[in-house]
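Hi everyone, thanks for making time this morning.

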Amino acid sequence: SMSLAASFLVLLVAGGMWFSNTNYSNQAISDKNVNRLDWLTSSTSRKGDAEATDPFETGIDALQAQDYSSAIDFFEAIPKSDITWSQARLHLAYAQYQSTDFEAAQATLAELIQENASTINRQKAEWLKLQVLLASGESKAEFEQLLDTVSTDTQHLFQRQALEMKQDLNT
């Protein structure tokens with residue numbers, strides 16, 4: 001939705017201004033990348049006749065309102081059989097990340113990556129997983145391995161950002 005895109009644009013601009021005045025910390029680098037995750041806006045929303053009670057749409061509304069605990073509840077309620085399940089898992093992991101529940105976010109992303117999601121969703125999950133690993137400060141070896149994988153994969157949606165992240169981490 002456009003309003004979600006606009007809210008992320010505001011985050012991006014505000015985040016960029018804030019970021020230029022801050023030293024590079026893992027959390028700052030991770031926030032910088034997550035706050036410019038425009039992919040979160042390109043959701044497979046149900047076209048047209050979405051019910052007001054649709055958990056996916058309600059979850060998106062909760063994310064927009066930065067009500068992450070409600071968003072988590074709505075996205076968790078979406079069954080695997082649902083067409084929006086993969087997108088819901090990405091949004092769920094994002095809400096968990098924003099709630100600093102890094103362990104839950106990692107588990108959600110691992111499940112999504114294992115489920116052989118579409119290439120696009122898998123790559124989005126890998127990118128978000130990098131942010132989660134970086135922000136949590138745990139699993140340094142796993143983080144470095146994934147960063148190498150993404151930054152050397154010319155077909156990866158986030159190769160350029162991964163290369164930038166490597167630069168940020170080395171400054």
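In α4, which spans residues 68-76, the buried residues include Tyr68, Ala71, Ile72 and Phe75. Buried here means under 20% relative accessible area, exposed means over 50%, and partly exposed is in between, with a 1.4 Å probe and protein chains only. Looking down the axis of α4, the buried residues fall within an arc of 100 degrees, so they line one face of the helix. That arc is taken from the directions that run from the helix axis to the C-beta atoms. And what covers those buried residues? Part of the answer is α3 (55-64) and α5 (85-98).

A word on what we are looking at. This is a predicted model, in which local features need pLDDT of at least 70 and side-chain atom pairs count only at pLDDT 80 or more, while totals for chains, interfaces and linings use all residues. Residues are numbered from 1 along each chain as its sequence is written, and side-chain values use heavy atoms, with hydrogens and water left out.

pLDDT is the predictor's confidence in each residue, from 0 to 100. Its mean over the chain is 79, and 68% of the residues reach 70 or more. Please be careful with residues 5-24, where the pLDDT is below 50; the model gives this stretch 21 contacts beyond near neighbours in sequence. Residues 43-48 also stay under 50, with 15 contacts beyond four places in sequence. By contact I mean heavy atoms within 4.5 Å.

Now the overall layout. The chain has nine helices and zero strands. Helices (H or I, at least four residues) and strands (E, at least two) are DSSP runs, numbered from the N terminus. Of the 171 residues, 44% count as buried. If we take contacts with a separation of 6 or more, 57% of them join residues 24 or more positions apart.

Let's zoom in on Leu109. Where does this residue sit? Leu109 is in helix α6, residues 102-114. With 0% relative accessibility, Leu109 counts as buried. Setting aside neighbours within four places in sequence, Leu109 is in contact with Leu90, Ala93, Ala125, Leu128, Lys129 and Val132. Take Lys129 from that list: Leu109 and Lys129 are 20 residues apart in sequence, and their C-alpha atoms are 6.5 Å apart in space.

Next, the aromatic rings. How many aromatic pairs are there? The count is three. For the rule, rings of Phe, Tyr and Trp (its six-membered ring) pair if their centres lie within 6.5 Å; planes under 30 degrees apart count as stacked, over 60 as edge-to-face and the rest as tilted. One of the pairs is Tyr97 with Phe102: the ring centres are 5.8 Å apart and the planes are at 55 degrees, so this pair is tilted. Both Tyr97 and Phe102 are buried. Another pair, Trp127 and Phe158, is stacked, at 5.2 Å centre to centre and 5 degrees between the planes. Trp127 lies in helix α7 (residues 119-136) and Phe158 in the loop between α8 (140-152) and α9 (159-169), so the pair ties together parts that are 31 residues apart in sequence. Trp127 is buried at 1% relative accessibility, and Phe158 is buried at 7%.

Last topic: charges. The structure holds eight salt bridges, where a salt bridge is a side-chain nitrogen of Lys or Arg within 4 Å of a carboxyl oxygen of Asp or Glu. Glu111 forms one with Lys80, with the closest N and O atoms 4.0 Å apart. This pair links distant parts of the chain, since Glu111 is in helix α6 and Lys80 in the loop between α4 and α5, 31 residues apart. Lys80 also meets Glu115 in a salt bridge, at 2.9 Å from N to O. Here the loop between α4 and α5 holds Lys80 and the loop between α6 and α7 holds Glu115, so the pair ties together parts 35 residues apart in sequence. Together, Lys80, Arg89, Glu111 and Glu115 are linked in a network of salt bridges.

For a local example, look at Arg160 and Glu164, whose salt bridge has its closest N and O atoms 2.7 Å apart. Both residues lie in helix α9, four residues apart, about one turn of the helix. Arg160 is exposed at 55%, whereas Glu164 is partly exposed at 23%.
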